[in-house]
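Let's take a friendly walk through this model together. Have your viewer ready and follow along as we go.

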Amino acid sequence: MIRCVSCGEEYDDEVIYTCKKCGSVLELVSDINVSKDIFEGRRDNLWKYKECIPVDETKIVSLDEGGTPFCKCDKLGSELGVNLYVKVEGSNPTDSFKDRGMTVGMTKAMELRVDTVGCASTGNTSASLAAYAARAGLRCIVFLPSGKVALGKLAQAMFHGAEVMSIQGNFDEALEAMTALALEKHLYLLNSINPYRLEGQKTIGYEILQDLGWQSPDRIILPVGNAGNISAIWKGVSEFYNAGFVDSLPMMTGIQAEGACPVTNAFRKGEKTVEPVLNPETIATAIRIGAPVSDIKALRAIYDSNGYSETVTDEEILDAQKLLARTEGIGVEPASAASIAGLKKLCEQGVIDKGETITCVVTGHLLKDPNTAIDACTKPTEVSADIEELKKLLINK
């Protein structure tokens with residue numbers, strides 16, 4: 001069953017993106033009617049939770065996504081005074097968490113027998129959609145905001161055969177245009193406004209609970225852009241809590257870039273919907289979004305979990321990106337590092353208590369944005385191959 005998050009209107013299984021009654025976003029409603037023991041011994045990927053995902057399992061389109069690393073980060077955790085784990089979503093097939101939603105969304109597309117899929121994207125969604133459309137044998141249309149997409153992501157989308165169009169405008173304008181085409185049934189929309197996308201992303205929450213031995217962390221921290229992921233993870237952990245698999249719930253904590261922070265602005269005012277940021281700007285291109293489509297869901301997740309939302313500057317993001325790489329060996333794109341920057345800031349502010357068990361979700365791989373990574377580093381030292389000269393350099397350092 002599909003239900004409106006605002007007015008509660010219910011719909012049968014149909015191609016629908018927003019509520020016909022009030023225009024709000026939708027979510028899928030399902031009960032977990034299995035024992036957690038059923039997941040044991042299965043291949044460690046997203047589809048080991050197939051009974052919890054409301055699509056036809058005979059139509060699955062998969063690249064073996066999910067089952068991502070769950071790294072205990074003792075050095076960084078000790079420095080900050082917390083028990084820290086990092087969920088590394090950049091280890092998915094196209095190097096971001098988007099693959100989780102895309103495998104489910106594309107499986108639904110196969111159920112519906114559509115021939116064309118599409119999305120607007122700041123990069124990661126387009127890369128994922130292109131790969132999964134190729135896997136499914138479907139035509140793929142992608143709208144990207146002109147000049148606002150990191151090189152690694154653009155390369156992925158194009159190389160996998162997507163028809164990429166550069167829109168003269170920002171992400172929000174690109175999504176508006178793509179949605180209009182979807183409503184006229186020219187394509188099946190696979191942005192996170194599609195509730196089936198979030199059914200895949202909720203499995204991050206499932207995995208975190210299972211990774212911790214069927215315990216909940218005190219807090220889950222993650223970057224917020226279009227706001228689907230924070231609400232999806234909350235949905236996942238809530239489903240397993242309601243099923244009796246765990247006995248507590250985490251505080252959902254969303255971090256936004258200072259130049260693109262409509263959710264944090266709304267949280268600070270106690271609002272339930274956001275006022276769009278008209279010209280969002282941040283070096284973290286994946287979260288450069290001013291009018292998130294899942295704002296209602298995200299704010300509900302934060303409020304219902306007694307969570308929090310904070311902003312970080314571009315400088316704090318880049319510092320955190322280096323910190324995670326050089327302290328724990330985990331390389332992430334700038335948007336992913338927002339969760340680490342937010343963790344550091346909230347620890348310093350006293351919002352996070354000493355000794356809390358924290359899971360930070362890092363959403364995309366370092367090489368999604370290679371230019372930013374290169375620009376943040378010093379150039380290699382030019383030296384000869386003379387052994388004596390090399391020894392002097394090593395000793396002096």
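Leaving aside its neighbours within four places in sequence, which residues is T203 in contact with? They are L46, Y49, I53 and R100, where contact means heavy atoms within 4.5 Å. T203 itself is found in helix 7 (residues 203–211); helices here are DSSP runs of H or I with at least four residues, strands are runs of E with at least two, and both are numbered from the N terminus. The relative accessible area of T203 is 0%, so T203 is buried. Buried means under 20% relative accessible area, exposed means over 50%, and partly exposed lies in between, using a 1.4 Å probe and protein chains only.

Before going on, a word on the ground rules. This is a predicted model, in which local features need pLDDT of at least 70 and side-chain atom pairs count only at pLDDT 80 or more, while totals for chains, interfaces and linings use all residues. Residues are numbered from 1 along each chain as its sequence is written, and side-chain values use heavy atoms, with hydrogens and water left out.

Now turn to S305, in the loop between helix 10 and strand 12 (308–312). S305 counts as buried, at 8% relative accessibility. Its side chain reaches the backbone oxygen of I302 at 3.3 Å. Not counting residues up to four places away in sequence, S305 touches W234, P250, M251 and M252.

Next, the open spaces. The largest pocket holds about 410 Å³ of space. A pocket is an open set of points on a 1 Å grid over the protein atoms alone, with protein on both sides within 12 Å along at least five of seven lines, and lining residues have an atom within 4 Å of a point. Grid points are joined across faces, edges and corners, and the volume is the space filled by probe spheres set on the points. Of the 23 lining residues, S30, K235, S238, E239 and N242 are the closest to the centre of the largest pocket. Helix 8 gives the most to this lining, with seven residues. Strand 3 (26–28), helix 6 (195–201), helix 8 (228–242) and helix 10 (295–304) each supply at least two.

The second largest pocket has a volume of about 230 Å³. Its lining has 15 residues, and V15, Y17, A182, K185 and L187 are the closest to its centre.

We finish at helix 14 (residues 387–396): of its ten residues, the number buried is zero, so this helix lies largely in the open. At its start, a side-chain oxygen of D386 reaches to within 3.2 Å of the backbone nitrogen of E388.

Definitions and conventions
1 Å grid on protein atoms, 1.4 Å probe; cavity = no way out; pocket = protein on both sides within 12 Å on 5 of 7 lines; lining within 4 Å. Polar contact = N/O pair within 3.5 Å; in protein donor to acceptor, adjacent residues only side chain to side chain.
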